[in-house]
Amino acid sequence: MVMIFSSLRLTADHPLPFQQTAVFERELCKMYHKEKSIQIKNSASALYNNLSVLRIAPRRLTYFTVVHANVVNMVSASWDGLNYSHRQLQSKEPNVATSTSLIMQVAFCVLPSRDLLVVTSQKGIQIYESDGSIMVYWHALDTSDAPTAQAVFARGISAVWDNYICVGVSSGAILVFDVPSKGSNITLSEVLEEHKEPITDIASECSGSQECIADLVSADDGGNLCVWKSGKEFQLLNKIPGFDMSCSSVKLWKGIVVAGYGTGQIHLFEAVTGILHAEVNAHARWIYSLDIAPFSGLLLSAAEDSLVRVWHLTVTPETNSVEVAHLHNECVTDTQICGAKFCDGDGYAFAVTGYDLSEIIRYTQL
Amino acid sequence: MSVKTLPLVFINLGGEMLYILDQRLRATSTSEDNSEKGVWSENDRKRVMNDIVGTLFSKTFMDELLKPQQLYSHRTLKTVLTRLAHASIMRLNPASMDRLYELTIMAFKYQVFRCPRPKDLLLISYSHIDTIRELVKDTSVVVNQVDETHRKIIEVYSSLSEGEFQLLRQTLLIFFQDMHVRVSLFLKNQIQNPDGRFALPTSGPVPHGIVVPGLIRVFDSKGREVRRSEFPAGGSYSSPVREGSFELHGDRVISLGMNMYTVNHPEETHTSKGDGTPNPLAKEELNLLACLIGSLKAENMPRAEYGFRINLFTTDQEEEEEADGTSDGAEESMFGVINIQAMQDEQSAAELARITGQFAEEEEQHENPSGNKGDDLLAMMDDL
């Protein structure tokens, strides 16, 4: 089912205490149509942010990863649509034949020097070369000091700056790994302990050359957000309290934190100050995935209500204001969506996964 | 993932199982007194309900489930549910147990899938408990057990956060993944599509605590709203209804978890084709069970002890078929000649222990450091 909207909207004159405004909301005429889906070997599991995409321009390929229970399904798709190759990774400790555990999240981490694939599970954290061919690092989760009544797992993955990969843990801790430009000498550099609830998602911006005040944001099951500056010692710049509702997906763009919640709402905060810029009643069910196309400011949101929505964000630093415009809806019939990602930095195409669906659905702009 | 799934799994799957068994036992009873052999009387039905509910809600069983642990595999879960179903005089052969398991799993999958908020898993569980209480309302001892367990569940689960409930729900969804057994009652009510996937409408009331989508609000740096605009939400949602009660008694409001199988419409679960070629869907469905339970041939059995053989052991089955002279497929086996009660039979109990040991070894999908997940539970059930 495809619903495409492009229209002018005149909003109601709500009596506002400080300003009376009637605003034209021009919806840009960006429309998407559905492309041929990519079949995957197993169906997607109902996990937050259950799709990761890596675009490899020199080889005209895109990698997609989707989690199914204790297996990662990897597909490499050529841009001409002619070649697809599949690979499966299992989450297990090296040299231990039979132990597998449920995977919570998989994500590509793009660093200036190399791309890596990070797999987080109940047992630990695995880091592979980006094509999934070799595991370069294994970190076992320490279960000894966790209270037995709580589940133990790793979840929340992001590359940040030149050489760090951050991974969240169910205790609320964030593990910071220092990654050399090549080889497997990855080391645990720091453990950040600010969150008290399980980490749900971590996001960054300004990796590599750009300078940013804040370059990392982490979210937890209580909806609390922490804003950081990376470095040899990470600095906590701000803590934005939650409202007892899980923040399942978070993004950072132009100093704005974009957070999706179990209430179906999206909040936009100024990262460093915590000022709430905008609130969107976006979905009728729990949001499972957010993504931003950094060059165009397009925002993608997907939820258990079977809808994917495309928005446009405009940030005006001079007036310190943020605009949110709704552009497009897609409905994946009878499907609780668990992953949605843009396939490129402009947001020309995006891909979607859903619980119990064995395909990656793709949409491109007309 | 979540280490708190088991109590809710057993309450809900057990509940669905009891709804189905109750409906079938009512449907097959044609006389109130015990004058007809092979027919389940009202007293028999109540006895079966009391026995199963009493076992499911016993303190030792629930305490075992309440220990933080990973969710069992399907195999282990089915074994324990089978033992539960056999807590009374009724016996089901493996084929009918398979069908019963599939049905209860699909019913619970639907409820978990459509659960409005993760926390509403509790309301669904309480709905099941409410109906179970009704089923055994004439036996106060069992009702007390149900109440005690219900209080315990309230105590343990009321403090979980929404995030923890969602983790629990995600664990269950992974467990149910890729199961698309078509159930004719679901197809008829259009909650399931012909391909086995459940319907998910983009209409109706939003869950409690969620706002109907469609509004964008922009604020200034002082927190004052400066603009609001609407966008087309692409569905027809309405405001939430009132919240259900999380107390021991109360209106749960949501309909998930209520008994879908009504005695007034036994045709939903009856075989519509007699001995003819079965409807392909019937294989997946309650009709098979209706046939098997309802048509006992128990000529030589003492009145109080009729029941099905447990076809757990192939050697016994082969012997039986030879002696009996009939060797139909598993679907048609309706022997009632010998009542093997695995709990009392030492040799069978040893066999069962061996088989259970095999399950533990074959466990690949879930973590189980001590290798005896479910064993303790089975051993403990022997003592009940």
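1. A word on naming to begin: helices (H or I, at least four residues) and strands (E, at least two) are DSSP runs, numbered from the N terminus. By that scheme, N238(A) lies in strand β21 (residues 235-240) of chain A. This is a predicted model, where local features need pLDDT of at least 70 and side-chain atom pairs count only at pLDDT 80 or more, while totals for chains, interfaces and linings use all residues. Residues are numbered from 1 along each chain as its sequence is written, chains are lettered from A and ligands numbered from 1 in the order in which they are written, and side-chain values use heavy atoms, with hydrogens and water left out.

2. Let's stay with N238(A) for a moment. N238(A) has a relative accessible area of 15%, so it is buried (under 20%; exposed is over 50%, partly exposed in between, with a 1.4 Å probe and protein chains only). The N238(A) side chain reaches the backbone oxygen of A271(A) at 3.1 Å, and the backbone oxygen of V272(A) lies 3.2 Å from a polar atom of that side chain. Beyond its neighbours within four places in sequence, N238(A) is in contact (heavy atoms within 4.5 Å) with residues including L225(A), C226(A) and G274(A).

3. Now for the interface. Here 71 residues of chain A are in contact with 59 residues of chain B. The two chains bury about 5500 Å² between them, 53% of it on carbon and sulfur atoms; buried area is the accessible area (1.4 Å probe) that two parts lose on being put together, summed over both. N281(A), D334(A) and Y355(A) supply 13% of the area that chain A buries against chain B, more than any other three residues.

4. Strand β25(A) and strand β2 (residues 215-219) of chain B run antiparallel and are joined by four bridges; two strands pair if DSSP finds at least two bridges between them. Within this pairing, E279(A) stands opposite R217(B) in β2(B).

5. On charges, the rule finds four salt bridges across the interface of chain A and chain B, a salt bridge being a side-chain nitrogen of Lys or Arg within 4 Å of a carboxyl oxygen of Asp or Glu. K109(B) forms a salt bridge with D356(A), with the closest N and O atoms 2.7 Å apart.

6. Over all chains, the structure holds 30 salt bridges. In one of them, the side chains of E243(B) and R117(B) meet at 3.0 Å, N to O. E243(B) lies in the loop between β4 (236-238) and α10 (286-294) of chain B, and R117(B) in the loop between α5 (94-114) and α6 (120-135), so the pair ties together parts that are 126 residues apart in sequence. E243(B) is partly exposed at 34% relative accessible area, whereas R117(B) counts as buried at 9%.

7. Another salt bridge brings together the side chains of R252(B) and D130(B) (2.9 Å, N to O). This pair links distant parts of the chain, 122 residues apart: R252(B) is in the loop between β4 and α10 of chain B, and D130(B) in helix α6 of chain B. R252(B) is buried, with a relative accessible area of 1%, while D130(B) is partly exposed at 22%.

8. Finally, a local pair: E148(B) and R151(B) meet in a salt bridge (2.6 Å, N to O). Both lie in helix α7 (residues 140-157) of chain B, three residues apart, about one turn of the helix. Elsewhere, salt bridges that share partners join E279(A), R217(B), E225(B) and R228(B) into one network.

Definitions and conventions: Polar contact = N/O pair within 3.5 Å; in protein donor to acceptor, adjacent residues only side chain to side chain.
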